[in-house]
Amino acid sequence: MTTTSPDLTTTAGRLADLRARLAEAEAPVGTDAVEATHAAGNLTARERLLSLLDDDSFVETDALARHRSAEFGIDSQRPLTDGVVTGYGTIQGRKVCVFSQDATVFEGTLGEVYGEKIIKIYDLAIKTGVPIIGIHEGAGARIAEGIVTLSMYSRIIARSTTASGLIPQIAIVTGHTEGVHALAPVFADILVMVDGQASLHLVAADVVEKVTGAPATPDSLGSAQVHSATSGTAHATAASDAAALELVQEIIGFLPANNRAEAPRAEAPEATAADGELDTIVPDSGAQTYDISDIIRRIVDNGAFFELQPHYATNIITGFARIEGRTVGIVANQPSELAGCLDSVSAEKAARFIRTCDSFNIPLIEFVDSPGFVPSEGEEHGGVLRRGAKLAYAYAEASVGKITVITRRAIGAAYVLMGSKDLGADLVFAWPTAQIAVAEAAAAVDKLSVDEADYAEKYLTPYLAAERSLVDAVIEPSTTRARLVDGLRLLDRKVLMTPPKKHGNIPL
């Protein structure tokens, strides 16, 4: 059987030639690679985008791009797409720009044209003010193309820096990603990794082994579990490609298109009666604990709370929810972990999340129950002052609406850093169970030679703070949702004038 070439002197022939080229771009290194990807239980780079986006919404850019290098015999292979699929489409009807890296082309390495395609789609996202979602899987620079590949990495990182705080950036790591290749996804506002198949690390495992003499693998260096529970680099993990894409579809629903837009509002649930169970949720004894998530879910719409970094710095909780259909960012001490004490990693976790919310006009709600910072030499040597200062800086700098609810302890430094009135909270509510003080009773007894019970009765209450206008109201816990609804409605109109400056210098 012979294959005849289309007659390129005719329109029909030229159309047939175009269709053949586009078909080749859908399987740039052949159908065997597609079948092998499916056999491993994964989607191809193109299928990931098609699954992420609304049906029939994907518009591809640069499908016919090929590399132009002739060194080291690389010109004998010039697959279409050059290893990355780029374009734009919609998610839930909202425009997004996207790219998906293809590890079947040149083993997932980045070349000049590959880099140019990512830079081009970044430029389009920045110009049009829409989110960009990148699906990452790559083995570093394409050595055969030389140092121009390093230039591409620099340009991609520069674009990501320009986009930061301007448009939401979401990264999904689906496979092995190492070297400079692994830096780009870390710039994203939200990073999702696929458990069991994704890895993210800067130095190759064989180099680590050679230098340290200790065994190393991509998983030991940077698996999804490592980055979700140990390094804190990943915000969420998923069990498969498909699950990761569904997760991102949910996340994008909480975010606006850009820094001048408002996040989409969901239909608000019908008004509900005050939740009387909140009035008894804080234990009578300070020695008893409770789960702050139980409070959050009773207050937000439909009990739905999307927690980020749930396995990292678990003494503080961060995540998205909705109140009256409006996206809110929630930061909360978790009294069931380290008694709600702050430490270096929890302060950084909260600071990063606060800055993400402030970048994209998402109001902040803080639930406070913390006796202060973990007292230890390790914390002091680990930079707790500098890292705690990040939290204070991030909150003070944030210009979005900010509401604080003190459920129990707001003691010493925890009071200052966790959404205090003078740090910049617009509204501060305290429950009758709140203890707002410089020190807990045991510490005060040592310093002041007073009776512990007398100190607790007089000073471990919310009322001295209320007398000094450090809280706006002491409220019944059951009324908290209603207070937040009213406060958020008011803060929609918040205008804050800041002194002109290039930028502040957060204590990094």
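**Close-up views: pocket and cores**

**View 1. The largest pocket has a volume of about 1600 Å³.** The model is predicted: local features need pLDDT of at least 70, side-chain atom pairs count only at pLDDT 80 or more, and totals for chains, interfaces and linings use all residues. Residues are numbered from 1 along each chain as its sequence is written, and side-chain values use heavy atoms, without hydrogens and water. A pocket is an open set of points on a 1 Å grid over the protein atoms alone, where a 1.4 Å probe fits, with protein on both sides within 12 Å along at least five of seven lines. Its volume is the space filled by probe spheres set on the points.

**View 2. The lining of the largest pocket comprises 43 residues.** Lining residues have an atom within 4 Å of a pocket point. R355, D358, S359, A398 and S399 lie nearest the centre. α11 gives the most, with seven residues. By class, the lining has 16 nonpolar, twelve polar and 15 charged residues. Domain 1 (14-254) and domain 2 (276-491) each supply at least three.

**View 3. The largest nonpolar core holds 71 residues.** Such a core is a set of buried (under 20% relative accessible area, 1.4 Å probe, protein chains only) Ala, Val, Leu, Ile, Met, Phe, Trp, Tyr and Cys residues joined through side-chain atoms within 4.5 Å. I133, F320, I406 and I436 touch the most other members. Both domain 1 and domain 2 contribute residues, so this core lies between them. A second, separate core of 29 residues includes I330, I403, V405 and L484.

**View 4. I436 and its contacts.**

Notes
Buried means under 20% relative accessible area, exposed over 50%, partly exposed in between (1.4 Å probe, protein chains only). Domain bounds come from an automatic or database domain assignment. Contact means heavy atoms within 4.5 Å. Helices (H or I, at least four residues) and strands (E, at least two) are DSSP runs, numbered from the N terminus. Ala, Val, Leu, Ile, Met, Phe, Trp, Tyr, Cys and Pro count as nonpolar, Asp, Glu, Lys and Arg as charged, and the others, Gly among them, as polar. Lists of a residue's contacts leave out its neighbours within four places in sequence.
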